[in-house]
Amino acid sequence: MVIIDAHCHLSDHTGNGPASQLLEGMNVAGIDMAIVFGDNEFVSTSSEEHPDRFIPFYYFNPRNEDAQLEELETYARDRGWKGVKVGHEFAGARFMYKMMEIAEKYELIYVHHSGGGNQHHPFIIGDLANSFPKVRTVLLHMGGGMSLDLELASTKVAEKNPNVYLETCYAHPFAIKQAVERLGADRVMFGSDASNNGYGSYYEKPGNYQNIHLDAVRLIGLPKDQEEMVLGGTAAGLLGI
């Protein structure tokens, strides 16, 4: 079974250190590959150094307006990047629609931080996904991890929009299990929100952080085929690998 972490960060501008710090945790936790985003050039360099481990997504900030749209298209067209990530930004921002047009043109996967607040509430992201039904859209945290109600709402969003997928990090195990039951395991994917010298550095040993999020999937008692789908198969299917 191949395990793919669908939610990892790589950053250089804050002195977070080399990408090998993320790889160390992945190796200990038994994670084979990771979707990575953050500082685009650092992500590019890191994924070139470790092409068998990192799958780069472009980090897009709609506040930059037109500035990043051309660059996003260049990364998709010339570098073959497979997705675009938006962080704690307003999913209804004007330049999000232009970004989605590029995502549709190049068949990019669009992943967005989701949680409480109007800017990235699951319903707001769901409305954008509904406007672009050909763009495969992933709700990171499947609602945020701070409110079970939001996580359950994310499942409702995905039920109404077949192009919406859910990623599990910080989500309550009950919400993960319900999502698999209602959507199917091929609409839910494991993620950890790990980074190079990020949240994982709070834990005693490398890999502890990733294992906590792996356990949230492993301890809910899914049939083996469904567990394997959530831990890697769903992401692999989206990525075409």
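Q: Leaving aside neighbours within four places in sequence, which residues is Ser114 in contact with?
A: Contact means heavy atoms within 4.5 Å. By that rule Ser114 touches His120, Ile125, Leu139, Leu140, His141, Met142, Gly143 and Gly144. This is a predicted model, where local features need pLDDT of at least 70 and side-chain atom pairs count only at pLDDT 80 or more, while totals for chains, interfaces and linings use all residues. Residues are numbered from 1 along each chain as its sequence is written, and side-chain values use heavy atoms, with hydrogens and water left out.

Q: Is Ser114 buried or exposed?
A: Buried means under 20% relative accessible area, exposed over 50%, partly exposed in between (1.4 Å probe, protein chains only). Ser114 has a relative accessible area of 0%, so Ser114 counts as buried. Ser114 is found in the loop between β5 (109-113) and α5.

Q: In what order do the strands of the open sheet lie?
A: Strands (E, at least two residues) and helices (H or I, at least four) are DSSP runs, numbered from the N terminus. Two strands pair if DSSP finds at least two bridges between them. Here nine strands, with parallel pairing, follow the order β8-β7-β6-β5-β4-β3-β2-β1-β9. The edge strands, β8 (188-189) and β9 (194-195), each pair on one side only.

Q: Which residues of α6 are buried?
A: An α-helix has 3.6 residues a turn, so residues three or four places apart point the same way. In α6 the buried residues are Leu150, Glu151, Ala153, Ser154, Thr155, Val157 and Ala158. Their cover includes α5 (122-131), β6, β7 and α7 (173-183).
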